[in-house]
Number of protein chains: 2
Amino acid sequence: MSGAIPRGPAIVLVEPQLGENIGMCARAMGNFALDDLRLVAPRDGWPNPAAEATAAGAVHVLERARVFERVEDAIADCRLVYATTARERGQMKRVLSPEEAAGEALPHLVADTPVGILFGRERWGLENDEVALADAIVTFPVDPTCPSLNIAQAVLLVGYDWYKARLPGALPFRESERIPAPREMTVSFLENLEAELDAVGFFVPEKRALMVRNLRDMLLRRELTEQEVRTLRGAVSALVKGRRRGPAA
Amino acid sequence: MSGAIPRGPAIVLVEPQLGENIGMCARAMGNFALDDLRLVAPRDGWPNPAAEATAAGAVHVLERARVFERVEDAIADCRLVYATTARERGQMKRVLSPEEAAGEALPHLVADTPVGILFGRERWGLENDEVALADAIVTFPVDPTCPSLNIAQAVLLVGYDWYKARLPGALPFRESERIPAPREMTVSFLENLEAELDAVGFFVPEKRALMVRNLRDMLLRRELTEQEVRTLRGAVSALVKGRRRGPAA
């Protein structure tokens with residue numbers, strides 16, 4: 001599958017402070033097939049063992065990570081750059097959701113054009129001068145009364161929306177192939193059920209046609225498989241036989 | 001805004017083990033305007049101070065949380081139930097992405113119908129018997145080589161997609177209102193620039209018309225504001241004056 005997936009954006013963490021957070025970002029990147037992690041002046045140097053401890057299965061992302069002194073260097077090869085921020089910056093740039101940015105960037109990713117997304121420091125995000133380096137701002141649709149996302153959550157949400165844009169409709173698995181039983185088998189079960197219900201006087205005579213119709217509607221909209229029809233037929237049969245034997249002592 | 005937002009689903013955590021994770025789930029719920037947290041037999045009892053430590057601004061979610069003995073009790077009032085799982089269960093249910101489930105559930109949420117989403121234990125998720133209680137399965141579009149999401153990340157992604165379905169297009173802020181300068185101001189600046197460039201022989205005569213057109217195309221597609229036009233005009237003027245003064249010694 002990864003042969004078919006378009007290029008992912010570079011994830012640029014600007015002056016990240018805690019190694020644990022870098023590791024969690026790498027893990028989120030791994031979830032969504034991103035592997036280009038760029039660190040601008042990480043506070044505790046690089047490599048950082050604390051990052052490895054939280055990266056789970058995404059150590060390969062950390063191993064490929066590159067360190068830069070300045071944001072300008074980290075995005076030097078990028079042709080489209082987004083800056084994530086939780087608050088307004090008084091800049092005239094367009095403001096997009098992660099999903100909107102992914103939609104806009106997708107043709108560039110498909111054309112294998114480098115695209116970068118900037119994420120700011122844990123404490124106060126990106127500086128305005130760093131935001132000014134981007135083509136557009138990305139912000140998150142969150143409830144304004146409870147807007148706080150940590151950096152790994154922000155990377156997770158961006159990775160998620162961009163993965164959905166890059167591989168629309170992909171899921172690790174879909175429903176089992178469910179082949180409905182042939183109609184003659186289902187109808188035979190229904191007729192058997194209706195005959196047994198007739199035998200015990202379940203139907204109100206003048207409403208029998210309607211009740212049968214409702215019963216068939218209800219059971220047929222399940223798209224029953226052969227195994228399920230056999231199970232239901234067995235259950236009805238067991239109830240009938242149990243009644244004929246009378247209640248257990 | 002929260003007056004207009006449709007009801008959110010109940011988030012049902014089945015036998016959560018670590019209080020820290022319950023707190024992170026509550027925080028993710030707060031981000032996306034969810035406040036109905038239901039805990040089935042939390043391992044360390046309830047309330048749990050470790051949960052408060054990680055809930056950030058979402059303590060109100062923890063305070064409203066309800067504890068149940070069994071999954072059946074936790075979803076008793078729900079009329080539509082989804083089970084999240086990372087792996088196939090051999091059940092015949094439909095399998096949906098969080099976004100697809102949100103789209104399907106939205107009319108029910110708008111009608112104020114209770115909807116529940118089950119999340120399993122940190123270690124091994126939901127039991128098959130618990131999955132069987134749901135109407136459909138929800139699984140996450142993740143890279144199959146690195147699929148591991150922790151419970152708080154799973155709640156974050158579900159909350160995110162459902163928030164986007166409940167409040168389409170909502171963002172905490174959008175671009176500043178950018179009023180383009182009146183065309184006479186922009187054109188006057190362009191004519192001034194072109195005259196200064198004529199004066200210094202910048203244009204190749206036979207290509208002047210094309211070069212002017214390209215310059216106008218480039219500068220006009222930015223939707224320049226009045227302030228931006230003034231800034232550019234000032235920059236051109238400064239360049240011209242500097243040149244007329246001659247190079248600094």
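B:Val12 stands opposite B:Arg38, which lies in strand 2 of chain B. The model is predicted, so local features need pLDDT of at least 70, side-chain atom pairs count only at pLDDT 80 or more, and totals for chains, interfaces and linings use all residues. Residues are numbered from 1 along each chain as its sequence is written, chains are lettered from A and ligands numbered from 1 in the order in which they are written, and side-chain values use heavy atoms, without hydrogens and water.

Start with the pairing. Strand 1 (residues 10-14) and strand 2 of chain B run parallel, joined by four bridges. Strands pair if DSSP finds at least two bridges between them. Strands are DSSP runs (E, at least two residues), as are helices (H or I, at least four), numbered from the N terminus.

Now look at strand 2 itself, residues 37-40 of chain B. In a regular strand the side chains alternate between the two faces of the sheet. Here B:Leu37 and B:Leu39 point one way, B:Arg38 and B:Val40 the other. All four are buried, meaning under 20% relative accessible area (1.4 Å probe, protein chains only).

Strand 2 of chain B also has three bridges to strand 3 (residues 66-68), and these two run parallel. B:Val40 has B:Phe68 in strand 3 as its bridge partner.

Turn to chain A. A:Arg38 is found in strand 2 (residues 37-40) of chain A. A:Arg38 is buried, with a relative accessible area of 1%. Its contacts (heavy atoms within 4.5 Å), leaving aside neighbours within four places in sequence, include A:Val12, A:Phe68 and A:Asp77.

Terms used. Buried means under 20% relative accessible area, exposed over 50%, partly exposed in between (1.4 Å probe, protein chains only).
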